[in-house]
Amino acid sequence: MNIHCILLRHGQSAWNKDNRFTGWQDVPLSPLGIEEAKMAGQILKENGMLPEIAFTSYLQRAIKTLWLALEECGQMHIPVYKTWRLNEKHYGALQGLNKAETASKYGEEQVLLWRRGYSVRPPELEINDPRHPANQTKYAGIEASELPGTESLADTLTRMLPFWNSSIVPSFKEHSTVLIAAHGNSLRGIVQHLKGLTDEEILALNIPTGVPYLFELNSDGQYLSDRYLINEDDLERKLEEVKNQGKAH
């Protein structure tokens, strides 16, 4: 039996809209992000890809995206597991800063390295900074030494993989359709792992917000094929349809 593993990047967040570094800062979805999340659920339903189990991060923009998508496709009853290991890449002391202003201050080349360098970490948050996850109640019970003050994409993959292997892969034994609602960089890590992409290849990958990304795997979790569940030409039409539904209500 082949497995359908669906990756879903959260809808646009308020800080995506404001062009700010977000990382582990727990910001809400923007109005557009809410519509993108609903659209994702409708796309799942229209493709007959109804999740039987779901995984998400500790961050509300991913959790809310998952809730809205499951509501739209009628699957709110399924088990949902949350883990900090699916959180976005931690952007350290850059979190909350405007990307354009940061580029003006440090130079576009340096900011590009912080954003896209596979093994390059942004400036680190001090452990006593209130933004550091060790000082936030949602991460209580997790060893402070495990919680990052900054991360590269390589670090994000390293902390995500143990959960992939210990929790997500075993779920394939009981469930044929699995949904993972997370973030651009944590999902990038999964894609690199599944497809065996090089460090350079994965940096070129951009996963769009709110568009279900289907991976077909064998029962051992090994890659067979991948595709988005809606093509680019139909995406704008579908999003407009969702917006109009919202106006009608």
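This is a predicted model: local features need pLDDT of at least 70, side-chain atom pairs count only at pLDDT 80 or more; totals for chains, interfaces and linings use all residues.

Biologist: Is Trp 114 buried or exposed, then?

Modeller: Trp 114 has a relative accessible area of 8%, so it is buried.

Biologist: What about Tyr 106, and why?

Modeller: Tyr 106 counts as partly exposed, because its relative accessibility is 40%.

Biologist: How many aromatic pairs does the structure hold?

Modeller: There are 11 aromatic pairs. In one of them, the ring centres of Tyr 106 and Trp 114 are 5.1 Å apart. Their planes sit at 75°, so that pair is edge-to-face.

Biologist: Which residues do ring pairs link into a cluster?

Modeller: Trp 24, Tyr 58, Trp 84 and Tyr 139.

Biologist: New topic. Where is Ser 13?

Modeller: Ser 13 is in the loop between β1 (3–9) and α1 (14–17). Its relative accessibility is 0%, so Ser 13 counts as buried.

Biologist: What does Ser 13 touch?

Modeller: Leaving out residues up to four places away in sequence, Ser 13 touches Thr 22, Val 27, Pro 28, Leu 29, Ser 30 and Arg 61.

Biologist: Now helices. At what angle do α2 and α3 pack?

Modeller: About 40°, with the axes of α2 (residues 31–46) and α3 (residues 60–72) 7 Å apart. The two helices are therefore oblique to each other. Their crossing is right-handed.

Biologist: Which residues meet there?

Modeller: From α2, Ile 34, Ala 37, Lys 38, Ala 40, Gly 41, Gln 42 and Lys 45. They meet Thr 65, Leu 68, Ala 69 and Glu 72 of α3. By class, this contact has five nonpolar, three polar and three charged residues.

Technical notes:
Residues are numbered from 1 along each chain as its sequence is written. Side-chain values use heavy atoms; hydrogens and water are left out. Helices (H or I, at least four residues) and strands (E, at least two) are DSSP runs, numbered from the N terminus. Buried means under 20% relative accessible area, exposed over 50%, partly exposed in between (1.4 Å probe, protein chains only). Contact means heavy atoms within 4.5 Å. Axes are lines fitted to C-alpha atoms, for helices over the stretch in contact, and angles run from 0 to 180 degrees between N-to-C directions. Angles under 35 degrees count as roughly parallel, over 145 as roughly antiparallel, 65 to 115 as roughly perpendicular and the rest as oblique. A crossing is left-handed if the near helix is turned anticlockwise from the far one by less than a right angle, and right-handed if clockwise. Ala, Val, Leu, Ile, Met, Phe, Trp, Tyr, Cys and Pro count as nonpolar, Asp, Glu, Lys and Arg as charged, and the others, Gly among them, as polar. Rings of Phe, Tyr and Trp (its six-membered ring) pair if their centres lie within 6.5 Å; planes under 30 degrees apart count as stacked, over 60 as edge-to-face and the rest as tilted.
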